[in-house]
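Hi,

Here is the structure I promised to pass on. Have a look at it first, and then read my notes below.

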Amino acid sequence: MKIAGSVVLLTGASDGIGAACAGVLRERGAKLALTGRSQSKLAAVSNPGDLSIAADLTTPGCAEMLVRRTVEFFGRIDILINNAGWGIYWPVAASPEPETRRMFDVNFFAPLALIRAALPHMRAQRSGTIVNIGSIAGSVALPWIPLYSASKSALAMLTAGLRMELAGTGVHPMLVAPGYVLTDFQAHSAGIAPPERVVGDKRFAISPSACARDIVRGIEHGSRVVMSPRWGWLLVAMHRLAPRAVEHHLLRLQHSGGRLTNRVTGN
Ligand SMILES: NC(=O)c1ccc[n+]([C@@H]2O[C@H](COP(=O)([O-])OP(=O)(O)OC[C@H]3O[C@@H](n4cnc5c(N)ncnc54)[C@H](OP(=O)(O)O)[C@@H]3O)[C@@H](O)[C@H]2O)c1
């Protein structure tokens, strides 16, 4: 899909990968509807001519409001980027239920509601791109963040199912699976501190701008799945071929950085 002149509704635009996407999309001439919770962070990312809406995606009716305001402002919606997300680093057995549900609300149910709200417009136009920002953790479960992995796996399956449902309509769903991107994602997440070795080893980490460029290139090329960076495919393939070996390695990583601590209590 051509980016210049396209109307993009981008969630999680106030920080990290979303803020970087806003910059790359603007450079390519997109018309931007930007949303996030923080009014001040959104203001720092927005330019005159953008539509900027501070809103919490877990508020009932938020998705419908965002799509309605985008269409009222720009007259159409061409690209929906479901980027907002957060993680909980709790073990399955200890994860507080309200936090777990809130994470699924942001990572899965908000994208679902936005897709449902945007689809009638895209179907009527017979064109559109729906981008869901998943994670490599949605393909290979990471033991230090299992429920986040589950939420991103659900989003990946939603994207794949939707692609078949929308065949022939002109609307194209795309999944993005970032690896380690250098944002404040970990600081914003809840639960036990992630393993030090995982956080500290930045050899394979990429910048938010590199991830944003991969996303925008994927939209332009009509990609089905974008791994960012591309070596993520290697991990997925190794996991398919030798799941026990990969799981063993992940467990070693998890336990090699010393004791995990609860960020809230410090214990
Ligand atoms: N960083 C990584 O290594 C990595 C790896 C794989 C996948 N991802 C995925 O990439 C996406 C972006 O992550 P990031 O690294 O850029 O994280 P980030 O820097 O923490 O940014 C998260 C964004 O989501 C927004 N957000 C969070 N909860 C929200 C809510 N309830 N309602 C509305 N907006 C909400 C935040 O808005 P406010 O700041 O205004 O609250 C912020 O704009 C997420 O889906 C994440 O799961 C990240």
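In what order do the seven strands of the open sheet come? They run β3-β2-β1-β4-β6-β7-β9, and the pairing is parallel. Strands here are DSSP runs of E with at least two residues, helices are runs of H or I with at least four residues, and both are numbered from the N terminus. Two strands count as paired if DSSP finds at least two bridges between them.

Before going further, some housekeeping. This is a predicted model, so to speak of a local feature I need pLDDT of at least 70, and side-chain atom pairs count only at pLDDT 80 or more, while totals for chains, interfaces and linings use all residues. Residues are numbered from 1 along each chain as its sequence is written, and side-chain values use heavy atoms, with hydrogens and water left out.

(Axes are lines fitted to C-alpha atoms, for helices over the stretch in contact, and angles run from 0 to 180 degrees between N-to-C directions.) At the β3 end, β2 (residues 31-36) pairs with β3 in the parallel sense over four bridges, and Leu34 stands opposite Ser52 in β3.

Two helices to look at against the sheet:

- Helix α3 (residues 62-74) packs on the sheet and touches β1 (7-10), β2 and β3; its direction makes about 160° with that of β3. Contact means heavy atoms within 4.5 Å.
- Helix α4 (residues 97-125) lies across β1, β4 (79-82), β6 (128-133) and β7 (171-178), and runs at about 175° to β4.

Asp50 counts as buried, at 15% relative accessibility. (Buried is under 20% relative accessible area, exposed is over 50%, and partly exposed is in between, with a 1.4 Å probe and protein chains only.) Its side chain makes a polar contact of 2.3 Å with the side chain of Arg26, and it also reaches the backbone nitrogen of Asn47 at 2.7 Å. A polar contact is a pair of N or O atoms within 3.5 Å; within protein, one must be able to donate a hydrogen and the other to accept it, and residues adjacent in sequence count only if both atoms are side-chain atoms. Leaving aside neighbours within four places in sequence, Asp50 is in contact with Arg26, Leu32, Leu34 and Phe73.

Ser228 and Pro229 are joined by a cis peptide bond, with omega about 5°, and Pro229 sits in the loop between β9 and α9. In helix α9 (residues 232-241), the buried residues are Gly232, Val236 and His239. Seen down the axis of α9, these fall within an arc of 65°, so they line one face of the helix; the arc is that of the directions from the helix axis to the C-beta atoms. They pack against β9 and α10 (243-255), whereas Leu234 and Leu241 are exposed on the other side of α9.

Arg126 counts as exposed, at 53% relative accessibility.

How many aromatic pairs does a search of the whole structure find? It finds four. Rings of Phe, Tyr and Trp (its six-membered ring) pair if their centres lie within 6.5 Å; planes under 30 degrees apart are stacked, over 60 edge-to-face and the rest tilted. Phe108 and Phe109 form an edge-to-face pair, at 5.0 Å centre to centre and 85° between the planes. Phe108 is buried, with a relative accessible area of 14%, and Phe109 is partly exposed at 45%. Tyr148 and Phe185 have ring centres 5.3 Å apart and planes at 55°, so that pair is tilted. This one links distant parts of the chain, with Tyr148 in helix α5 (residues 146-165) and Phe185 in helix α6 (residues 185-188), 37 residues apart.

Cheers
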